[in-house]
Amino acid sequence: MRDETDRTYVITGASRGIGRGIAEALGREGGTVVVNYRSSEAAAYDVADTITDAGGTAIAVQADVSEFDQVQAMKEHVHETVGPVDVLVNNAGITADRKFSNMTREEWDSVIDVNLGGVFNCTKAFFEDIKQTDAGRLINISSVIGRQGNYGQANYAAAKSGLFGFTRSIALELASSGSTANCVAPGYTSTEMVDEVPEKIQERIRDDIPLDRFADVDDIAAAVSFLASEDTSYVTGEVIDVNGGLDV
Ligand code: NAP
């Protein structure tokens, strides 16, 4: 088995929020971190610099995960510059909330295309790498909303619960190689995505959380680091809920 510090990690949507937290946590493990972003170039380079300044290795690579050809180009760039990938974290995600009676076809498509189509595109790109390496890992970032559904989030809930079946299926297809596929389902986490929710609604949500706070990105990154570890070789097809004790 290769040394842990030789591993290559791709984290989609790593220019801020949970993806940034995951990239920095995996950067501390050693190895090489690929920081994917769609449009926030300066922020993505800042993440890569932060990892490098802390003694790690990182590159930033632009690709809209919902665009198959851009993801293929990212794969080629990653292969040319750092080689095959050991761990893929499908984190990039968006919301376009509206109650179903008013939800447009465009709002449905945009959320499905990024949150589910992007997972297809990136997994397709790096599936053979993950299968062929020692201790390959696919980690998909779902959501508590995939468990519970939510008013105004039919598109997002459909995409996030779709990841459960996708992950379980890929786990079965990877199993003969010894590589694993799992989901992390974060609860409400302090990022720009949650900042967009009106403060009154945030208060109501917080009141329902047994641990009485939103997650920090580090809470989510810790679960991802656990699943990414070479030691976690007998956990596959699972969903780890990181939601402060909500009853899902
Ligand atoms: P965020 O702060 O809005 O950050 C989203 C990240 O995804 C950004 O880096 C953004 O990059 C990137 N991104 C968006 N669309 C992309 C695309 N088409 N291609 C590539 N990158 C793209 O979100 P977050 O709160 O950190 O959420 C991260 C993940 O956790 C998402 O999958 C989300 O659904 C999930 N999640 C979040 C929460 C929460 O409470 N925050 C809870 C449960 C699950 P650019 O700026 O470059 O576009």
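Helices α4 and α6 run roughly parallel to each other, a label that covers angles under 35 degrees, with over 145 counting as roughly antiparallel, 65 to 115 as roughly perpendicular and the rest as oblique. The structure is a predicted model, in which local features need pLDDT of at least 70, side-chain atom pairs count only at pLDDT 80 or more, and totals for chains, interfaces and linings use all residues. Residues are numbered from 1 along each chain as its sequence is written, and side-chain values use heavy atoms, with hydrogens and water left out.

Helix α4 spans residues 105-132 and helix α6 residues 154-174; the two pack at an angle of about 15°, with their axes 9 Å apart. Here helices (H or I, at least four residues) and strands (E, at least two) are DSSP runs, numbered from the N terminus. Axes are lines fitted to C-alpha atoms, for helices over the stretch in contact, and angles run from 0 to 180 degrees between N-to-C directions. The contact residues divide into 15 nonpolar, four polar and four charged; Ala, Val, Leu, Ile, Met, Phe, Trp, Tyr, Cys and Pro count as nonpolar, Asp, Glu, Lys and Arg as charged, and the others, Gly among them, as polar.

The ligand is surrounded by 32 residues, of which R16, S40, N91, Y156 and T191 are the closest; a residue is included if one of its heavy atoms lies within 4 Å. An N or O atom in the Y156 side chain is 2.5 Å from a ligand oxygen atom. Backbone atoms take part too: a polar one of I18 is 2.8 Å from an oxygen atom of the ligand, and a backbone N or O atom of R38 lies 3.0 Å from a ligand oxygen.

I18 also belongs to the contact between α1 and α9, together with G17, G21, I22, A25 and L26 of α1, facing V217, I220, A221, V224, S225 and A228 of α9. This set holds nine nonpolar, three polar and no charged residues. Helix α1 (residues 17-27) and helix α9 (residues 217-228) pack at about 50°, their axes 8 Å apart, and are therefore oblique to each other.

Helix α1 also meets helix α2 (residues 41-53), where the axes come within 9 Å and cross at roughly 25°. This makes α1 roughly parallel to α2. In this pair, R20, A23, E24 and G27 meet A43, D46, V47, T50 and I51, a group of four nonpolar, two polar and three charged residues.

Definitions and conventions: A polar contact is a pair of N or O atoms within 3.5 Å; within protein, one must be able to donate a hydrogen and the other to accept it, and residues adjacent in sequence count only if both atoms are side-chain atoms. Contact means heavy atoms within 4.5 Å.
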